[in-house]
Amino acid sequence: MNDLVREHTALDAPDLEWLHLLVSEWQLLSDLSFADLVLWVPTRDGTRYVSVAQMRPNTGPTSYQDDMVGHLVPRGRRPLLDAALDEGRIVREGDPEWREEVPVRVESIPVRRDGRVLGVIARNTNLLTVRTPSRLELTYLQSASDLAQMIAAGTFPFPAQQADMDASPRAGDGLIRLDPDGIVQYASPNALSAYHRLGLAADLVGHHLGKTTAELAPERGPVDEAMVKLASGWAPRAFEVEGGDGVIQLRAIPLSPKGTRTGSLVLLRDVTELRRRERELITKDATIREIHHRVKNNLQTVAALLRLQARRMDSDRAREALEEAVRRVGSIAIVHETLSQTLDERVEFDEIADRVLAMVAEISPGRVTTRRSGRFGVLIAEIATPLSMVLTELLQNALEHGFGQDESGSVEIGVVRGRELITVTVQDDGRGLPEGFDAQQAGNLGLQIVRTLVVGELGGTFDMLPAEGRGTRVVLELPV
């Protein structure tokens, strides 16, 4: 619609925004009318019309099998469009049109904003299935007529109350028609069923909807007064009511077709099962986060016990082994701490990698700097946990074996992430690999852990080779 309006018409940005607001709401008009809607806007030179939007009804057969958006018709070919645009009124004159042996009643509704007619809605009703209308259909048609008059007067849609049409109730979900005092004149079967689920034992017709709704809701006090007013349809608002065994979502639309309030339209939908599932998901998410939090606490406790035990060891080798275990446990704890703060089992791994870098850098024997280039991005927990351990082992190995007590240098993690593969390099400028070193056969515990996690758990590849110039380069390729 944006492209068509800008290319063919003289409408400005506020006018275009008004058309967007109208199109976001006009599914309701289409359903209440049992008719197709096509929005026609005059071109910049005034000689033609361009169709910029189209809507088909959910409540009846369509009048257009083809998509009409983008069609251009010269002025004069459709007299009803001309009359509605020039006179600023709803035009219903004329006999039905025949389209592919289907009679179609055509009406034109001017779209007004700030006293100007921006375009015309062509309302096309398929008359092939016309029969004696029921009370529900008559209520639909009367409500559609009121909305059409409000569109022609520029009082609908409501700019300050744009509805989310994906979440908002639709006409078929449940409809209630109120008089100016908030008394129910008609309630569709779906609407009545929804109120029965709230606990209503009687019929709705003849009762004040606001007071009835407030009595069914468990709240008392000031909330009651607000709910009475909202459910009476005095203002365009959307809200939810919970009572008995049900939850219903309501949307009130005040009707003022001729400038004076004649009543209200209330759309409603039973969302009991939807809200129940949402609560279950919230409870499940909270439980998962709490589990990650407790696992993190337990791992930190284990790390503290290992650290305490290391201080009591007389053997340097035993002490170093326990300190390595502390760092391994710590890397897993970092992942669980991050998972405890998210709503799903996904983590921003760059933060974890930086924390692992900082943790391992504490063991640096000399003046060795650590840094990261590239981004890991978001990873699922099944990848993040083993990858954090792999990085811990590789960084620890580089710092311990690549540099002496007083040596300086650098260790860098490089990341290149593609659509299906992530390549991680850990490179240092230290002493390099010993003569005849084979990364696939080395018996070092840290490298055994790396091989097991990378190949066995992550399904990737692992290689360690001399870096260009000086040092060691480790390359990991992991599917993500």
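Glu273 forms a salt bridge with Arg276, the closest N and O atoms lying 2.9 Å apart, where a salt bridge is a side-chain nitrogen of Lys or Arg within 4 Å of a carboxyl oxygen of Asp or Glu. The model is predicted, so that local features need pLDDT of at least 70 and side-chain atom pairs count only at pLDDT 80 or more, whereas totals for chains, interfaces and linings use all residues. Residues are numbered from 1 along each chain as its sequence is written, and side-chain values use heavy atoms, with hydrogens and water left out.

Because Glu273 and Arg276 are three residues apart in helix H8 (residues 272–311), they are separated by about one helical turn; helices (H or I, at least four residues) and strands (E, at least two) are DSSP runs numbered from the N terminus. Glu273, at 33% relative accessibility, counts as partly exposed, as does Arg276 at 39%, the terms being buried for under 20% relative accessible area, exposed for over 50% and partly exposed in between (1.4 Å probe, protein chains only). Arg319 is partly exposed, with a relative accessible area of 24%. Salt bridges that share partners join Arg197, Asp270, Glu273, Arg276 and Glu280 into one network. By the stated rule, the count of salt bridges comes to 31.

Asp270, a member of this network, stands in strand E11 opposite Ile248. Six of the eight residues of E11 (residues 263–270) are buried, so this strand is largely enclosed by the rest of the structure. Strand E10 (residues 246–255) pairs with E11 in the antiparallel sense over eight bridges, two strands being paired if DSSP finds at least two bridges between them. Strand E7 (residues 175–178) also pairs with E11 in the antiparallel sense, over four bridges, and Arg177 stands opposite Leu265 in E11.

A further antiparallel pair is formed by strand E17 (residues 461–466) and strand E18 (residues 472–479), over six bridges, with Asp463 opposite Val475 in E18. Five residues lie between the strands of this hairpin, in which Gly469 takes a positive phi near 90°.

Arg99 forms a salt bridge with Glu97, the closest N and O atoms being 3.0 Å apart; Arg99 is buried, with a relative accessible area of 18%, whereas Glu97 is partly exposed at 37% relative accessibility. Glu101, in the loop between strand E4 (97–99) and strand E5 (102–113), is exposed, with a relative accessible area of 72%.
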